[in-house]
Each structure stands twice: as structure tokens, then as C-alpha cells.
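Here is my notebook from a first look around.

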Amino acid sequence: MTFKLEVVHFAKKCYNSGLTVGTSGNVSVRDGNLMYITPSALPYDEMTEEDVLVVDLTSGDIVEGARNPSSETPMHSNIYYGNPNVEAIVHTHSKFATMFACAHMPIPPVHYTIADIGREVPVAPYARYGSEKLAKYAVETLEKNQTNGVLLANHGVVAVGSTLDDAYRRAETIEEVAELAYGSKLLSEFKLLTDEELDEALEGFKTYVSN
Ligand SMILES: [Zn+2]
């Protein structure tokens with residue numbers, strides 16, 4: 001699959017699975033110094049590979065594509081710039097995770113699958129969508145917490161990975177654990193997993209494709 005097709009495939013997957021609604025959210029993948037990213041404000045069911053933009057990460061110039069790039073292009077490019085290991089990014093406003101973001105509350109380790117993201121999913125401070133400040137906060141929070149995902153306060157979710165498969169799976173996991181945390185808080189207090197239990201789960205993920 002070409003990078004452009006991959007971006008379209010995962011953008012549609014986010015929409016079809018309900019992780020994104022309307023034209024919210026965006027998906028990108030990096031190839032060396034180039035970033036392939038979804039366009040701004042185009043319904044996912046109409047998106048084709050011709051709509052995907054190619055951006056030079058050094059100059060910030062659009063080198064291919066006629067549409068406007070996603071409004072969160074600065075955030076995507078700053079994350080790639082600061083993290084050589086990140087090759088793909090999925091950004092959503094998925095409902096339960098965004099509820100935690102609106103409450104400025106990290107998603108706690110109530111389910112072992114969160115180990116794929118980190119000890120918890122931390123919250124980056126609020127800044128206006130599309131701003132350089134938001135990009136800076138997202139990068140800083142990812143780095144400080146050494147996680148594969150971050151909540152953007154009063155906004156949404158960012159998941160990263162070395163492939164779009166990884167980033168997408170993590171965006172899904174973040175939403176799932178957020179929903180479980182929300183529900184378990186209604187039933188009782190959180191019963192958190194320990195660092196050792198999370199380490200043990202993470203170790204298991206290395207040998208199990210499906211868990
Ligand atoms: Zn957004």
C-alpha cells in the first residue's frame with residue numbers, strides 16, 4: 001500500500017469505527033523528511049488518495065496536493081520533528097477519552113491494555129486548535145511522560161506509533177480504556193493496576209499479537 005492509500009485507509013477506519021465524527025480528527029504518516037496527511041474539512045467517505053497532502057517537514061512547504069492540509073498540521077510536524085521513533089500519528093476527538101481531556105484528568109491504569117500507551121494517558125495543557133502552542137504542549141507532554149499517546153485538554157486524543165497500524169490500535173485502546181475507566185468510576189472507585197502489573201502486561205504484548 002502506498003503512503004497516500006494508507007492515510008486514506010486509516011482515516012476511513014477512524015470514521016467507520018466511530019473514533020471520529022464528521023470531519024474531525026486527522027491521520028498522518030512519515031516517510032523520511034516527508035509527511036503524508038489528511039486534508040482539512042473533507043468528509044471521510046469522499047476522501048481519495050489524490051486528496052492526501054505531502055508536506056516537507058524541514059521547510060513546512062506543501063510539496064504535493066491541492067487541498068488545504070489538516071488544521072493540526074503543525075502538531076503532526078512538531079511531533080515527528082521531536083521524535084525520530086514516531087512514524088505515524090492518529091488524532092481523534094473520540095468521546096470517552098475526550099471527556100477525560102475536558103476534565104483535565106489523565107486516563108488511569110484500570111485495564112492492562114493501557115500498558116501499550118504508558119502508565120496512564122497524560123493531559124497536555126489547553127491551547128487553541130491548530131496553534132503552535134498546542135503543538136508544543138503535545139510534544140512536551142509525550143516526551144515528559146514517555147507515552148505513546150496524550151490527551152489534549154478540552155480537545156481530544158493523539159496516538160503515535162512506528163506504523164499507522166500501531167497508532168490506530170493505540171487510539172482505539174485509549175478510547176476503550178477511557179470508557180472502562182468512566183464506567184468503573186460510576187460503579188466504585190478506580191482499582192488501579194500497579195507498575196509491576198503493567199510491566200508484566202507490556203512484556204506479554206511482545207510475544208502475543210492479539211491480547
Ligand atoms: Zn482536533
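**Entry 1: the zinc site**

I started with His155 and found that this residue is buried, with a relative accessible area of 12%. For this term I used under 20% relative accessible area as buried, over 50% as exposed and anything in between as partly exposed, with a 1.4 Å probe and protein chains only. This is a predicted model, in which local features need pLDDT of at least 70 and side-chain atom pairs count only at pLDDT 80 or more, while totals for chains, interfaces and linings use all residues. Residues are numbered from 1 along each chain as its sequence is written, and side-chain values use heavy atoms, with hydrogens and water left out.

Which protein atoms hold the zinc ion as donors? I noted His91 (NE2), His93 (NE2) and His155 (NE2), lying 2.1 Å from the zinc ion. Donors here are N, O and S atoms within 2.8 Å of the metal (3.2 Å for Na, K and Ca); water is not among the atoms, so sites may look incomplete. Along the sequence, the spacing of these donor residues reads H-x1-H-x61-H. His93 and His155 link distant parts of the chain, 62 residues apart. I placed His93 in the loop between strand E5 (88-92) and helix H3 (95-102), and His155 in the loop between strand E7 (149-152) and strand E8 (156-161). Helices (H or I, at least four residues) and strands (E, at least two) are DSSP runs, numbered from the N terminus. His93 is partly exposed, at 35% relative accessible area.

**Entry 2: helix H3**

Next I looked at which residues of H3 are buried, and listed Phe96, Ala97, Thr98, Phe100 and Ala101. Their cover includes E7, E8 and helix H5 (164-187), with contact meaning heavy atoms within 4.5 Å. Just after H3, I saw His104 take a positive phi of about 55 degrees.

**Entry 3: the cysteines**

How many disulfides are there? I counted 0, taking a disulfide as a pair of cysteine sulfur atoms within 2.5 Å. The sulfur of Cys14 is 19 Å from the closest cysteine sulfur, in Cys102, so the gap is too far for a bond. Cys14 is buried at 1% relative accessibility, whereas Cys102 is partly exposed at 44%.

**Entry 4: Ser77**

I found Ser77 in helix H2 (residues 73-82). Is Ser77 buried or exposed? Ser77 is buried, with 18% relative accessible area. Leaving out residues up to four places away in sequence, Ser77 touches Met35 and Leu57.

I searched the whole structure and found 1 cavity of 30 Å³ or more. On a 1 Å grid over the protein atoms alone, a cavity is a set of points where a 1.4 Å probe fits but cannot get out; a pocket is an open set with protein on both sides within 12 Å along at least five of seven lines, and lining residues have an atom within 4 Å of a point. Grid points are joined across faces, edges and corners, and a volume is the space filled by probe spheres set on the points.

The largest cavity has a volume of about 30 Å³, and its lining residues include Thr23, Gly25 and Tyr44. The second largest pocket has a volume of about 160 Å³. Of its 15 lining residues, Thr23, Ser24, Gly25, Asn26 and Ser71 lie nearest its centre.
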